Amino acid sequence: MIHKFKLNGFNIVLDVNSGGVHVVDELTYDLLDNVQPPFAPECPQEVVSKLTRFYAPEDIRSCYEEILELYKDKILFSEDDYEKFAKYSVAAPVKAMCLHIAHDCNLRCEYCFASTGDFGKGRKLMPLEIGKKAIDFLLEQSGDRETLELDFFGGEPLMNFDVVKEVVKYARSKEQEYGKRFRFTITTNGMLLTDDKIDFINKEMSNVVLSLDGRREVNDRVRKRVDGTGCYDKILPAFQKLVAQRGDKDYYVRGTFTKYNLDFSDDVFSLYDAGFDQISVEPVVSDPAKPYALTERELSDIFCEYERLASRILEAQKQGKRFNFFHFMIDLDQGPCAIKRLRGCGCGNEYVAITPDGDIYPCHQFVGMEEYKMGNLDEGTFNLDIKAEFAAAHVYTKPECKQCWAKFYCSGGCNANNYQYAGDIHNAHKFSCQLQKKRLECAIMIKAAHLAEDLADK
């Protein structure tokens, strides 16, 4: 399987199964529309005749020979070697947890998937005892995993910061006993950031996710305080201070774009101009009937904006401006292991979410969906059948994914979005798929541009 596309002056051919990316001339690009395995020793005469309107016959035959060599070298139209690994997609130890330390929030973001923080279950904070039981659960379920990931999530985690600190302290007290190491992350809207909180976060959190949507007018339209006023001027200086003091530890600013800001590349660069170099601005996923929702009608504009963003990033890099835009970060050197390429999301298997009541769900986006409640810490229950269901969900159990050129990069997409908007974790959420594929094309084009620059410098 191959995927061909033109972008920013490049003719790009992706060999899906090998992961090889080829930047080709017009003749090769057009010839690939007319030939495919099994290949004859020489270019079929009907193909030569068809293309002689545009190219010399000897050039067509020579190009065909090059394609044939690439095929023999298994870097074009290569066979799928990954399905044989699907049998290893089985239940694994739990290595990561999303701890819902607060089902409450001091903002009322219009697009919030968590019902403005309470997940539709009422506003509450996690008691310390549930936090400790969550740590014990993760330790017990982690098998031989040495590094354990824990994300303090909400709502807004800083509304329950004393419990955050005590949970970290408790987890650290268990590391030597169990031979484990915890890596903590916290996601915050920044409204309650103070100097002492910044100091603690920068000391204990391996990663920090800072929620900000870009330009002031964009952010404050959808991210409002309880009284309806904006939050940009409050949180931006706090985020800048946290990042300035963070050193080389990981962080990223995470924004959401909606129908209201289809020019979201301006928000990416607004965040860069504000001093952030790790940036993620992601499309809202929501009920299409919502006024801010992205729908099929916006796809063309979104595609154009992703292309515009990719071009702007390349131009900025020429000027010495460097930053990471997460959706354009891609590893073309085969990336992660085979299982990760088949089942990118570990939700419900290697990863779970815990609510303030101690309920266990496959991930933060499944919280509140009672059919996927996996158990409860107080009751000592954990549904291994649900765990096995998620462990076995990979690109070869998802019919639309199996035939998709992007399957080894998205690895089947978000199970929660698939379930909520397509009815089953094995059904592709087509809208998300289309956005993902456009982002991949832009990311591959950026890599091609970098290669072209490197070759030009030699």
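This report describes the overall build of a protein model and then turns to one of its helices.

The model is predicted, so local features are given only where pLDDT is at least 70 and side-chain atom pairs only at pLDDT 80 or more, while totals for chains, interfaces and linings use all residues. Residues are numbered from 1 along each chain as its sequence is written, and side-chain values use heavy atoms, with hydrogens and water left out.

The secondary structure comes to 16 helices and 16 strands, these being DSSP runs numbered from the N terminus (helices are H or I with at least four residues, strands E with at least two). The protein is as compact as a globular protein of its length, because its radius of gyration is close to the value from the globule rule, which is 2.2 Å times the number of residues to the power 0.38, the radius being taken over C-alpha atoms.

| Property of the protein | Value |
|---|---|
| Radius of gyration | 24 Å |
| Span of the C-alpha trace along the principal axes | about 75 × 45 × 45 Å |

Of the 458 residues, 54% count as buried, meaning under 20% relative accessible area with a 1.4 Å probe and protein chains only. Among contacts (heavy atoms within 4.5 Å) between residues at least 6 apart in sequence, 70% join residues at least 24 apart.

Helix α15 covers residues 415-422, and its buried residues are Asn 415, Ala 416, Asn 417 and Asn 418. These buried residues pack against α12 (384-391) and α16 (430-457), and the helix is followed by Gly 423, whose phi is positive, near 90 degrees.

Definitions and conventions. Buried means under 20% relative accessible area, exposed over 50%, partly exposed in between (1.4 Å probe, protein chains only).
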